[in-house]
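Look through the sequence and the coordinates, then read on.

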Amino acid sequence: MKGQFFLLTVFILIAAFYIGISPRISPPIAVDQIPESLDFIFDNVLNEYPRAVNLAMNTSKNTVNVLKNFSNFVKNSTDEMGLNFSIIWLFVKNESENVNITVGNFLGYDTNVTLNVSGNVKHIYVQSGVANSTLFVSPPSKFQLVLSFNTTEKNLLLEKHKVSFYGLMKMEKEGNSINGEIKA
Amino acid sequence: MKMKGVWRTIESVIAITILMSFVLYLGNPVLLKEQVDPTSKGYEILKIMDSNNELRTFVENKDWSSLNNKIHMHGYNHTVEICNQTACYGEYPNVENIWVSSYIISGHGKYEPCRIKLYIW
């Protein structure tokens, strides 16, 4: 019977030890706020930018200021969420037969941007958090716009008498990143 | 009688196995309660409400209470804050382990960017 008593004693000791010590060794509840998902916010902002453009055009005299304000709002909100948000956008609008192109730089660093409108090339230096504009004189009704900055180049086919918005957006978190284009 | 030693040996092995299992169990980080992330559900709720043209009216009127009452999440408590560029309207829960589902809008009828925070616990 000694072996059986031995086993029984072992069981009792283990149970007593576990009951006595487990509250002290339980892992602490990890965090107050658990970080939000990257893809949800990216999807949300990607779909919201065109709405912001429409609201800006319909309710404001200065569309570019509204777009800058919204970009800063998104930046501040995503900073609070622990996300790294960046965007560079173009706002294209005709002025009579000419085309005004505004570049909004929210990449987090100053950058040189090259705009090529059907062979007519202009270079703009845009500081971080700023929007700069340039005018292209009498482009064709439908024109090719090539946007170049850093190592990125994008080709767009646009209409002169149609207001257009284009954005290149990126969000990063904990080594994961998502890139996307906004067209409106 | 010859088998006595064998049985005692077997019993010792079983006892040692039980003790070692206990020690290994203590050595591994263990979650007492399985952590399920409801933020995806929270985001889907806000997105569906926006698709149904329900969300923005609440936000425009800063009616966080009605918005909160409209949201149903089985098994969880929740509350809502609506934050524009200057202030937040709503309740921040005084509990540990909060999940947050956020939704950003640019406005409704006029430009007024807001962030809706759905707190879940």
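Q: In what order do the four strands of the open sheet in chain A lie?
A: This is a predicted model: local features need pLDDT of at least 70, side-chain atom pairs count only at pLDDT 80 or more, and totals for chains, interfaces and linings use all residues. Residues are numbered from 1 along each chain as its sequence is written, with chains lettered from A and ligands numbered from 1 in the order in which they are written. Strands are DSSP runs of E, at least two residues, numbered from the N terminus, and two of them pair if DSSP finds at least two bridges between them. Pairing in this sheet is antiparallel, and the order is β5-β4-β7-β8.

Q: Which strands of chain A are the edges of this sheet?
A: An edge strand pairs on one side only. The two that do so are β5 (120-126) and β8 (152-159) of chain A.

Q: Which residue of β8(A) stands opposite Leu145(A)?
A: Strand β7 of chain A covers residues 142-149 and runs antiparallel to β8(A). Eight bridges join the two. Opposite Leu145(A) stands Leu156(A).

Q: Is Gly109(B) buried or exposed?
A: Gly109(B) lies in the loop between β3 (98-107) and β4 (111-120) of chain B. A residue is buried with 20 or more other C-beta atoms (placed from the backbone) within 10 Å of its own, exposed with 12 or fewer, and partly exposed in between. Gly109(B) has 11 such neighbours, so the residue counts as exposed.

Q: What share of chain A counts as buried?
A: Chain A has 184 residues.
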